[in-house]
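Dear colleague,

Please find the structure below, with my notes after it.

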Amino acid sequence: MVEKPVGKIYPIFYYIGIVILSLAATEVIPLLTSVFSAEWRMSLIYVFTVSVAASVGAGFMLIGYKHRMLKLGWGEGMMVASGAWLLGMLLCALPFYMSGNYLSYLDSCFDVMSGLTTTGVIMVQDLDHLSNGLNMWRFILTFLGGQGMVVLALTFLTKNTAGVYKFYAGEGKDERLMPNAVSTAKNIWYISLLYLAVGTFCMFFAGLAAGLPVSKALLHGVWIYMSAWSTGGFAPMSQNILYYHSAAYEIASVVFFVLGSFNFALHYSVLTGKRKELRKNIETVSFSITLTVLFLITAFGLMKNNVYPDMVALFRKGFYQLASAHTTTGFMSVYARQLFHEWGDIALFGMIVAMLFGGSACSTAGGFKGLRIGIIFNTFKFELRRMMLPESRVTEQKIHHINDVVLSDSAVRSAFMIVTAYVITFAIGTVGGMMAGFPFGMAAFESASVTGNVGLSIGIVSPTIPALLKMLYIFIMWIARLEFMSVLALAAYFVGKVREKCA
Amino acid sequence: MNKYIGKTALGIIVEVFFSALLIGMGLAVSLLIIW
């Protein structure tokens, strides 16, 4: 996909500027939350950080304004996506850092990247007493990152609709719900906002049933819904979902994070009347099979260690954690240390595989994605048939994904290539964790969690880990969320520039 | 318009039902393993 060294740097600045400006505009929501909650110090911080983000965004736009009509290639489109995410992280971390709830700016950047990539691992101090304004910003970052912030900004704010598909693909959402990329992105947002209303309503009542006061039930309902739908994993309390001690809250959150992990093209089909797609689609079939098999493995491991001796506990702890891992959400209803000390190797193996498999393509989820797992499984089946049957009987390799699709060699190659890239990234993360002094099991679990943008933690991620490991995890979350190509395009640009200088 | 709203609402119900089926699978496997 990276065709050539990128030459049109000015329009890239222009589009990144638009994204940053739209992030500054979004930051007004937590500002208003702070004002309504009478959090005056936080309100002043937001006034300052909104101004900084707006100035940087406007500056970038001005640099590229003259060249905004230049047609961008694939490499440049991908650089807009990866560059905006990187600069966005640095600017969105300002309110976090200035709030005083983080020990360093690196920790703030870590949480922003964790939010934007819908991962959910955290470095924040004293989470239970965070201001409403800061919490709102955490969940908005997750919600924006899940649907795609670059796509949001560029589809609603630019007229250059022809180039938008390149940004859209650069952000890891390379499917078209509609023939045109702008309508596709708008539909993604309509579906998300429709579910935001339904989900908040359900979580609000689940919160009331769990005994929360009305205002808290409403705020926590919005936040937990945003986090569940985006498969994010952030929660307003340090005990995560365990804080609520409510079966209704857990079941409602499972429903929404499972739905959030589905492909937007699937949602669009079902919501426009093609309901049979749910049982025919390769991703739902693949997800149902892998979820069942991996839960069997995990439940067997938990039974072997006699961790949860009754059915309700096995379901509420074992299934909840596994579903959260497989959809790459990261909500936890157990403590991190319980995973390491109680669960045992078999159950942790099931969890690691689930985290790496992940949810659906073109969804808010991370991991290999069900579509690629389906394609790879289908390829093995096809090759086996080709060996067993006479050549004339084996024609073409087909899958069902919205329509019946004949698989080309390049689609199969691309699936294998991206899965290989995920496995290599997972291996690098594991080695990084071990080099920081953690045992293999813990390092592999945490690496699978950041590679799959999951957010479950076995206890490694904390402000006390070495800065290099924090930076490695930030890099892994970023590259895995954007599915490698756009970050590689950015890297190729800088390598090209260095070569030019050296030549 | 009503037809469109009806189709969308039915779509949401079907999706939630499918998600509930997966939760049911989790319950069934828990029961199976405990037995």
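**The interface and the rest**

Between chain B and chain A, three residue pairs are in polar contact, both residues of each pair being at pLDDT 80 or more. The side of chain B that touches chain A is made up of 14 nonpolar, five polar and two charged residues. Please keep in mind that this is a predicted model.

The contact involves 21 residues of chain B and 34 residues of chain A. About 2500 Å² is buried between the two chains, with 81% of it on carbon and sulfur atoms. Glu15(B), Phe18(B) and Ile23(B) account for 25% of the area that chain B buries against chain A, more than any other three residues.

Chain B itself has one helix and zero strands. Its C-alpha trace spans about 50 × 5 × 5 Å along the principal axes. Of the 35 residues in chain B, 37% are buried.

**Salt bridges**

Over all chains the count is five salt bridges. One of them joins the side chains of Arg316(A) and Glu250(A), at 2.9 Å from N to O. Arg316(A) belongs to helix α15 (residues 311-326) of chain A and Glu250(A) to helix α11 of chain A, so this pair ties together parts that are 66 residues apart in sequence. Arg316(A) is partly exposed, with a relative accessibility of 27%, whereas Glu250(A) is buried at 6%.

Glu483(A) also forms a salt bridge with Lys369(A), the closest N and O atoms lying 2.7 Å apart. This pair links distant parts of the chain, 114 residues apart: Glu483(A) is in the loop between α21 (467-481) and α22 (485-502) of chain A, and Lys369(A) is in the loop between α17 (344-357) and α18 (370-388) of chain A. Both Glu483(A) and Lys369(A) are buried.

Arg372(A) forms a salt bridge with Glu483(A) as well, with 2.9 Å between the closest N and O atoms. Since Arg372(A) lies in helix α18 of chain A and Glu483(A) in the loop between α21 and α22, the pair ties together parts that are 111 residues apart in sequence. Arg372(A) is buried, with a relative accessible area of 11%, and Glu483(A) counts as buried at 8%. Salt bridges with shared partners join Lys369(A), Arg372(A) and Glu483(A) into one network.

**Two loop residues**

Thr118(A) sits in the loop between α5 (105-116) and α6 (132-147) of chain A. Thr118(A) is buried, with 1% relative accessibility. Its side chain reaches the backbone oxygen of Thr364(A) at 3.3 Å. Leaving aside neighbours within four places in sequence, the contacts of Thr118(A) include Thr142(A), Ser230(A), Thr328(A), Thr364(A) and Asn453(A).

Asn263(A) is in the loop between α11 (247-260) and α12 (264-271) of chain A. At 0% relative accessibility, Asn263(A) is buried. A polar atom of its side chain lies 2.8 Å from the backbone nitrogen of Ala265(A).

**A hairpin in chain A**

Strands β1 (residues 398-401) and β2 (residues 403-406) of chain A pair in the antiparallel sense over four bridges. Ile399(A) has Val405(A) in β2(A) as its bridge partner. The hairpin has one residue between the strands, and Ile402(A) takes a positive phi near 70° there.

Regards

Conventions:
Residues are numbered from 1 along each chain as its sequence is written. Chains are lettered from A and ligands numbered from 1 in the order in which they are written. Side-chain values use heavy atoms; hydrogens and water are left out. Contact means heavy atoms within 4.5 Å. Buried area is the accessible area (1.4 Å probe) that two parts lose on being put together, summed over both. A polar contact is a pair of N or O atoms within 3.5 Å; within protein, one must be able to donate a hydrogen and the other to accept it, and residues adjacent in sequence count only if both atoms are side-chain atoms. Ala, Val, Leu, Ile, Met, Phe, Trp, Tyr, Cys and Pro count as nonpolar, Asp, Glu, Lys and Arg as charged, and the others, Gly among them, as polar. Two strands pair if DSSP finds at least two bridges between them. Buried means under 20% relative accessible area, exposed over 50%, partly exposed in between (1.4 Å probe, protein chains only). A salt bridge is a side-chain nitrogen of Lys or Arg within 4 Å of a carboxyl oxygen of Asp or Glu.
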